[in-house]
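Hello,

Here is the structure I promised to pass on. Please open it first, then read my notes below.

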Amino acid sequence: MTDATTRPGPGMPCWASLMAHDLPAAQRFYGEIFGWEYEPGPGTLGPYVRALRDGVPVAGLNATARRLDGPAAWLPHVAALDADLTANTVRECGGTVAVGPLDAAEDGRTAIAADIAGAGFGIWQLAETGRGVTFGQSPGAPVWTELITSDATWASKFYQMVFGYEARTARTVPGADRLTLYLGDRPVCGIRGVDGRLPHDRGSFWLVYFSVPDADASAARVRELGGETAEPDETPIGRFVRATDPEGAPFALLQQRTAG
């Protein structure tokens, strides 16, 4: 469950932000899907708002996509002790840094980077008073991230070098090219290799999963508002639906199984 008092440690996912072309339209769409309200955020990267669910910040939306001449996309952000050092490590390991590192007002220091296959992600050095968001089960909050790329093992080596992860074979789908990255005994994110089946307009990308109470109802609302959805799928952790918003940004809806 999302807990505003918990501070994600280095290497843990700590935020998710949307790079949109039309920020007001994105606010309306996701507000309808997840029940978000908004407040202004730091304008370091351009027009930016924080999304709130029940008064708790859960994600960010900004108009960076047009500025960076890229497709609309959700980016997971990873907590770092030193954003500048981590950005240098990204470059040394064959990745790129598109923006920053730069100060984000009272929130800390941040950068936007990409891995060796071009999948974008964020680096966030949290300020002493900043807490990010702990991924969990609260409705409307991010709960998991998964890298969709051509080769899971090849991509995982980059993240192991940058963030010190350990890669383990995922057991959710036997025989599939899937890995789970861990920090100690804590699962951090997934990597799914899809060989030659990547979208031609975006290549490798990170898929952010958001917790919803009813995946089918949320998927129907996505379609009503101009987005698209795939067929629902059942996994050991719950029912999920892959979706894209009206600007084509991929994301996923996850209805988690309850204990018992």
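**The cavity**

The structure holds one cavity of 30 Å³ or more. Please keep in mind that this is a predicted model. About 100 Å³ of space lies in that largest cavity. Its lining is made of 14 residues. Closest to the centre are Val 78, Thr 145, Tyr 165, Cys 189 and Trp 206.

Which elements give two or more residues to the lining of the largest cavity? They are β5 (73–79), α4 (152–163) and β12 (186–193). The largest share, three residues, comes from β5. By type, the lining residues divide into 11 nonpolar and three polar, with no charged ones.

**The chain as a whole**

The chain has five helices and 17 strands. Its radius of gyration is 17 Å, close to the 18 Å that the globule rule gives for 260 residues, so the chain is as compact as a globular protein of that length. The C-alpha atoms fill a box of roughly 45 × 45 × 40 Å along the principal axes. Of the 260 residues, 52% count as buried. Take the contacts between residues at least 6 apart in sequence: 60% of them join residues at least 24 apart.

The average pLDDT of the chain is 88, and 90% of the residues score at least 70. Confidence is highest in strand β14 (residues 228–229), at 98. Helix α2 (residues 64–67) has the lowest, at a mean of 68. Over residues 1–5, pLDDT stays under 50. The model has 15 contacts beyond four places in sequence for residues 1–5.

Best wishes

Key: Residues are numbered from 1 along each chain as its sequence is written. This is a predicted model: local features need pLDDT of at least 70, side-chain atom pairs count only at pLDDT 80 or more; totals for chains, interfaces and linings use all residues. Side-chain values use heavy atoms; hydrogens and water are left out. On a 1 Å grid over the protein atoms alone, a cavity is a set of points where a 1.4 Å probe fits but cannot get out, and a pocket is an open set with protein on both sides within 12 Å along at least five of seven lines; lining residues have an atom within 4 Å of a point. Grid points are joined across faces, edges and corners, and a volume is the space filled by probe spheres set on the points. Helices (H or I, at least four residues) and strands (E, at least two) are DSSP runs, numbered from the N terminus. Ala, Val, Leu, Ile, Met, Phe, Trp, Tyr, Cys and Pro count as nonpolar, Asp, Glu, Lys and Arg as charged, and the others, Gly among them, as polar. pLDDT is the predictor's confidence in each residue, from 0 to 100. Contact means heavy atoms within 4.5 Å. The radius of gyration is taken over C-alpha atoms; the globule rule is 2.2 Å times the number of residues to the power 0.38. Buried means under 20% relative accessible area, exposed over 50%, partly exposed in between (1.4 Å probe, protein chains only).
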